[in-house]
Amino acid sequence: MKLLPPLACILLIASISASTLEPSKVTIVVLSQKKGYDAANADYLRKNIFEQADALEKDLPNVILSHELNIHGSWIIIPLLPHLSNEFPDVKWFFFCLESTVIRLEKLLNVLGKFDSSQNLWIGHTLYDHHPTIIHHFTQHTKRFRYPHMATGFAMSAALLKNLSKQVSEDKEPKVDFSIDVSYEFATFVLNSTAVKLTHMSKLCIVSASDCATYPRFFHSCSSSVAPKNIYFAVKTCAKYHLERVPQIKNTWAKYDLNIGYFSDAADKNLPEAYIVPNTTEGHCAKTFGILEKANKILKKRNFDWLAIVDDDTILSVVRLLNLLTCYNPKFPVAIGERYGFRMWDSVHGFEFLTGGAGVILSAPLIDVMVESGICTCPSATSPDDMFLFGLCFARLGVEAVHSSLFHQAQPVDYPNAYLASQEPISFHRFWSVDANTVYNDWFAEVDKDLPIASASKHTEL
């Protein structure tokens, strides 16, 4: 073996040393939630990072769980920036991730150590749109516009975070009405504020490999699956879709032996078993509240634990939903779905809500208090049902909904392939340009295949 001359050895050691970042110079921000299961995952991640730092015999990094800060709208990241800039003036990097992100600390430090933190830089696994999509407001961005995969995490130099924090402190952050996709909207803010584009880093991986510094952890159920008999499905429809949409539901996930009710403005030959609830051309608050009232009686009579309210163009996996519910206690007020935000920049009047098309899952005690308390009566029949009932109503009741990225308000084609490849989705929404059977067969049929098929349409009587 050829030996290196002494000077070359010294230079090699110096090069390795220079690329190694001290853990204490990094602040890791976990975008966490308050509910038991989600908070426990975040706390586990923090402890694991500290254990890795101890094994390296290094000082600990700063690990922040965002829910512990009690900063309004912390999940959209922008409100966190001034706090982070003020509290950690001496760190070189800020790394943002989810509680489901797996971090290999030494590898992450090696990745960050190769960049100059005095420059305006941010690093992540880049995603991009192939075409304008509804979840990005149909903006005409293409492959040239990059945004980070949140589940792999992204790093931001202290210099860039300080510049962005100044924008927020001077009240120059964007005043958008709706927060839908945090990573996309935050990337837009960064680009518009500093002209800095995201740098792609393949070692922030979408699937685990030996050289990955980070990667998303797939969901694992917390116990044996919740039985189908413990959940009631309420399908929200109307007469004009009885022939067009309901058969597609019945031929896919609703073909199994489940407790299902169809809630419509009329019963006809195509859906004679429909429960009648008021209908409007927009908003649908009275309609959804009517579903809650009828479902509350059904849940009490049949002793169901959960209610799933879905649209007549929601496609889902029953098994994956039941697995998710193993991590939550139905004896307490619980709401689960996909989180959106309305005017989150307004710390007084801005609020978050669960978007209806992706599916909203409610525990029986929560439904009962929503119906019986009088707090959640619709302001008008046409008020936006998800914004009011699954947002403002929850705030009044002191209930914080659980966000799950496994629920999707749009079609599979509206999401980057790399994003969907790193998860096992529970739901998709809309039949605009897709065949429901194809979506179900591609994404959900295999995992649901062992469910028993219903012998006939099932209708739970009051």
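In this predicted model, Ser157 touches Lys92, Trp93, Ser117, Gln119, Asn120 and Leu121, leaving aside residues up to four places away in sequence. Ser157 belongs to strand E8, which covers residues 154-157. Its relative accessible area is 0%. Ser157 is therefore buried, the limit being under 20%. One of the residues it touches, Gln119, also supplies a polar partner. The backbone oxygen of Gln119 lies 2.6 Å from a polar atom of the Ser157 side chain.

The largest nonpolar core holds 90 residues. Six of them touch the most other members: Phe96, Trp122, Met156, Phe186, Phe233 and Trp253. For Phe96, the contacts beyond four places in sequence are Val29, Ile77, Leu81, Leu84, Gly153, Phe154, Met156 and Leu161. A second core is separate and has 33 residues, including Ile291, Leu299, Leu362 and Val371.

Ser85 is found in helix H3, residues 81-87. The relative accessible area of Ser85 is 17%. Because this value falls under 20%, Ser85 counts as buried. Ser85 touches Leu161, Lys162 and Ser165, again without residues up to four places away in sequence. Leu161 is also among the contacts of Phe96.

Helices H8 and H10 pack against each other through several side-by-side residues. H8 spans residues 285-302, and H10 spans residues 364-372. Their axes come within 9 Å and cross at roughly 130 degrees. That angle makes H8 oblique to H10. The crossing is left-handed. From H8, the residues that meet H10 are Phe289, Leu292, Glu293, Asn296, Leu299 and Lys300. From H10, the partners are Ala364, Ile367, Asp368, Met370, Val371 and Glu372.

Ala308 sits in strand E15, residues 306-311. Ala308 has a relative accessible area of 0% and is therefore buried. Asn417 lies 109 residues from Ala308 along the chain. The C-alpha atoms of Ala308 and Asn417 are separated by 27 Å.

Conventions. Residues numbered from 1 in each chain as written. Predicted model: local features only at pLDDT ≥ 70, side-chain atom pairs only at ≥ 80, totals over all residues. Heavy atoms only, no water. Helix = DSSP H or I, 4+ residues; strand = E, 2+ residues; numbered from the N terminus. Buried < 20%, exposed > 50% of the residue type's maximum accessible area, 1.4 Å probe, protein only. Polar contact = N/O pair within 3.5 Å; in protein donor to acceptor, adjacent residues only side chain to side chain. Contact = heavy atoms within 4.5 Å. Core = buried A, V, L, I, M, F, W, Y, C linked by side-chain atoms within 4.5 Å. Axes fitted to C-alpha atoms, helices over the stretch in contact; angles between N-to-C directions. Parallel < 35°, antiparallel > 145°, perpendicular 65-115°, else oblique. Left-handed = near helix turned anticlockwise from the far one by under 90°.
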